[in-house]
Amino acid sequence: MIDTHIHADARTGEDFNNMYLSGIDVAVTCAFYPYNEFNDVILLNHLRRILNYDVKRAEEYGLELKVALGIHPTNADVDGKIIYENLYEWIENKKIIAIGEIGLEDLTEKEYEVFKKQLDIAEETKTNVIIHTPRKNKSNVIDEILDILPQHISSKHVIIDHINPNVIEKVINTDYTLGLTVQPQKMDKYEAVKILDEYGFDKFLLNSDISNKPSDPLSVPKTIRELTKQNFNQKDIEKIAFKNAEKFFNI
């Protein structure tokens, strides 16, 4: 199994061990500094910590981390120049598999600026992006994201993440890959199963988004087991368990 969106820097070695023992071989860890930091150097150190420390920390427990780095909308008030320079370097040296997570939260002018800049870098370098959608005001923010994306990046490089039953109709007929986050206070495994049952397995990736907030490191295997329990087709289960992620991220 592949968990396609976590925040490894906020989790313990015990979480990594339990994920590995449950059948998760690979996880994609994303950047998110949990408060608005105006200092670019501090944010850069956070990103380097993920790349240089957390990858090794997870490996000690058997869990392979793939890395996505970028400026989360929570941190959009930084200048950003030094981060963008490093993004180019990390992409060129194949140290990251995506820019992320990026997106919009409060729809501030600076959020728009930082979001569009990172989309442009992704399009220029043919790099995938993992796009955050917020808990609050999700529907309106998705409308803004859907308006911006075609102006900056090819749909084949885009994951719109944290999709739930309330907004699925806005995105299901687009060409974007869609992330389903099974997490307390976001969406439970039964809601994820219902979405997959209704809309099919081809467009979706599955993740836990474990972070400093209430999270379940085993939500991906629990959802996969629920699909098995309900006798879904094994080939479809394999798509959402790992094959869609392997294809999208080329891993």
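Good morning. A search of the whole structure finds 2 aromatic pairs; rings of Phe, Tyr and Trp (its six-membered ring) pair if their centres lie within 6.5 Å, and planes under 30 degrees apart count as stacked, over 60 as edge-to-face and the rest as tilted. Please note that this is a predicted model, in which local features need pLDDT of at least 70, side-chain atom pairs count only at pLDDT 80 or more, and totals for chains, interfaces and linings use all residues. Residues are numbered from 1 along each chain as its sequence is written, and side-chain values use heavy atoms, with hydrogens and water left out.

Let us take the pairs in turn. Phe201 and Phe232 are arranged edge-to-face, at 5.9 Å centre to centre and with 65° between the planes. Phe201 lies in the loop between helix 7 and strand 8 (204-207), and Phe232 in the loop between helix 8 (219-229) and helix 9 (234-249), so this pair ties together parts 31 residues apart in sequence. Helices (H or I, at least four residues) and strands (E, at least two) are DSSP runs, numbered from the N terminus.

Buried means under 20% relative accessible area, exposed over 50%, and partly exposed in between (1.4 Å probe, protein chains only).

Phe248 and Phe249 form an edge-to-face pair as well, with 5.1 Å between centres and 85° between planes. Both Phe248 and Phe249 are buried.

Finally, I turn to a lysine. Lys194 is found in helix 7 (residues 189-199) and is exposed, with a relative accessible area of 59%. Thank you.
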